[in-house]
Amino acid sequence: MAKEKGLLWFKNDLRLLDNETLCRAVNSCTSILPVYIFDPRLFANTAYNFPKAGLNRFEFLKQTVDVLRTNLQSLGANLLVEIGHPEELIPELIKKYNITKLFAEQEYASEELKIVDAVKQQLSEEITCYFIWGKTLYHIDDIPYSIDKIPLTSKAFRINTTKKAEVRETFDIPKKIEILSLNDWGTLPEATQFNFEVLDDQKENLYVKGGEDLALERLNYYTVETELLTSYKWTRNKSLGLDYSSKLSPYLAVGAISPRTIYYAVKAYEKNIKKNISTWWLIFEVVWRDFFTFKGMRMGNSIFKTEGYKNKEVPFENNTEYFERWCAGTTGIPFIDAHMRQLNETGYMSNRGRVNCASYFVHDLKIDWTWGAAYFESKLIDYDVSSNWMNWHMQAYEIWYTNPVNQSIKYKVADYIKKWIPELAAVDNELIHIPWKIEEYKLKYPKPIEVYSKWARAETKILKLLD
Ligand code: FAD
């Protein structure tokens with residue numbers, strides 16, 4: 001490859017370590033222009049009257065981009081920050097700086113692919129584009145299936161893939177990055193530029209802070225520093241605090257860490273500290289993420305549609321008042337409301353919470369699952385196209401109902417409920433799961449939308465404990 005000037009378009013690969021796109025750009029160009037574009041369409045209101053990506057997602061992204069810029073600067077490079085539409089800005093920059101090569105991570109979902117196509121259409125034929133795969137643990141070229149033949153079950157995918165494919169080595173951070181000389185590298189946007197109303201204390205509420213440095217710190221903390229990983233299998237279904245699971249999902253979602261970096265850290269842990277079912281399980285979960293990515297690619301746009309890829313016809317009732325109460329965390333079901341309130345405030349919810357909130361939404365409230373998935377998309381700082389929509393699809397059509405009263409007792413979440421629903425702080429640790437059973441109901445907490453007969457056994461179990 002003749003050495004020329006390259007534009008490196010960062011998207012969901014906001015890191016220096018194990019970034020093949022970055023390495024390829026640096027190695028094949030005399031100088032590069034690293035760019036990140038905040039696209040206002042991402043923060044615009046949807047048909048549901050909430051933004052596609054909400055304030056917490058914006059703040060987390062901004063922090064991550066800020067850290068990427070600082071880290072590039074420490075290598076003598078920089079990051080151009082722009083606000084606008086990539087299909088206008090990228091061709092302009094390429095023309096302005098006589099760039100001949102474009103490097104970016106390869107996309108896999110329709111909206112993102114559409115933007116990439118629009119960019120390509122605006123480029124002259126002399127520009128060579130390199131779109132490089134980087135999202136998954138197993139490289140798309142290494143899995144033992146073509147996308148149209150991805151198995152329908154995760155087990156089939158996992159067993160065959162882990163047997164037949166190897167996880168590739170990670171890419172080191174380039175020692176030096178030659179960049180184009182620019183007078184103005186742009187400033188990071190303020191939330192108000194995307195019409196967010198920012199309350200004084202809001203920025204501090206993020207569950208975890210963004211950026212590659214904190215991603216690597218978290219990985220180190222969860223593994224060698226505290227050895228929390230050893231008990232992951234038994235703690236992963238909890239909801240209170242930070243340490244019951246890895247909390248790497250927000251970093252993975254924006255590419256502040258790569259799944260291969262996590263994989264090799266776990267392998268080193270197995271060699272040097274402990275190898276057990278927990279270390280196996282963490283990798284198992286990361287392989288789920290791969291499975292959903294590839295299966296989502298196979299299923300195409302049907303993963304965003306009410307009937308899903310199973311073409312189901314479910315008579316959803318779509319009560320808008322119930323939808324609003326679910327979103328606000330005021331359904332009157334403590335296990336659901338605590339999780340929804342945490343999501344609204346911090347941008348994060350445990351996996352147990354997500355399973356229950358989705359199951360209750362679809363099977364009890366009987367609301368179209370795509371509304372709930374869109375709400376999670378707006379709120380989750382770890383929002384990932386395939387992980388979100390495929391998990392929701394699974395809760396709607398492919399998995400059994402989850403009883404939120406039963407789960408509330410099983411996972412002993414009284415303290416968690418008290419943290420997120422202060423109205424219930426004084427309630428007994430058993431009755432807190434079913435406050436509608438409190439005889440003289442004087443709480444400020446709302447009465448439930450409905451108490452279903454299928455919860456009766458779980459209610460009786462709690463009441464017996466009080467006898
Ligand atoms: P850990 O338990 O520490 O797991 C390690 C990593 O494995 C996670 O960071 C994640 O990358 C991956 N992982 C774990 N569980 C799953 C899973 N069920 N599906 C796919 N990957 C998984 N995860 C997202 O990253 N983004 C989403 O938008 C998202 N939406 C979800 C929506 C619903 C309805 C449900 C039920 C689950 C969703 N998940 C999503 C999966 C899961 O809840 C989160 O990945 C997990 O809670 C993140 O916390 P953690 O990093 O501490 O996970």
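**Aromatic rings in a predicted model**

Let me start with one aromatic cluster, which is formed by Tyr48, Phe50, Phe323, Trp326, Phe361, Trp371, Tyr375, Phe376 and Trp392. This is a predicted model, in which local features need pLDDT of at least 70 and side-chain atom pairs count only at pLDDT 80 or more, while totals for chains, interfaces and linings use all residues. Residues are numbered from 1 along each chain as its sequence is written, and side-chain values use heavy atoms, with hydrogens and water left out.

The structure holds 41 aromatic pairs, where rings of Phe, Tyr and Trp (its six-membered ring) pair if their centres lie within 6.5 Å, and planes under 30 degrees apart count as stacked, over 60 as edge-to-face and the rest as tilted. With centres 6.3 Å apart and planes at 25 degrees, the rings of Tyr145 and Phe157 are therefore a stacked pair. This pair links distant parts of the chain, 12 residues apart, since Tyr145 is in the loop between strand E5 (128-132) and helix H5 (154-164), and Phe157 is in helix H5. Helices (H or I, at least four residues) and strands (E, at least two) are DSSP runs, numbered from the N terminus.

Tyr222 and Tyr232, by contrast, are edge-to-face, at 6.5 Å centre to centre and with 85 degrees between the planes. Because Tyr222 lies in helix H6 (residues 212-225) and Tyr232 in helix H7 (residues 232-235), the pair ties together parts that are 10 residues apart in sequence.

Finally, to charges: the charged end of Lys233 sits over the ring of Trp281, 4.8 Å from its centre, where "over" asks for NZ of Lys or CZ of Arg within 6 Å of the ring centre and within 35 degrees of the ring normal.
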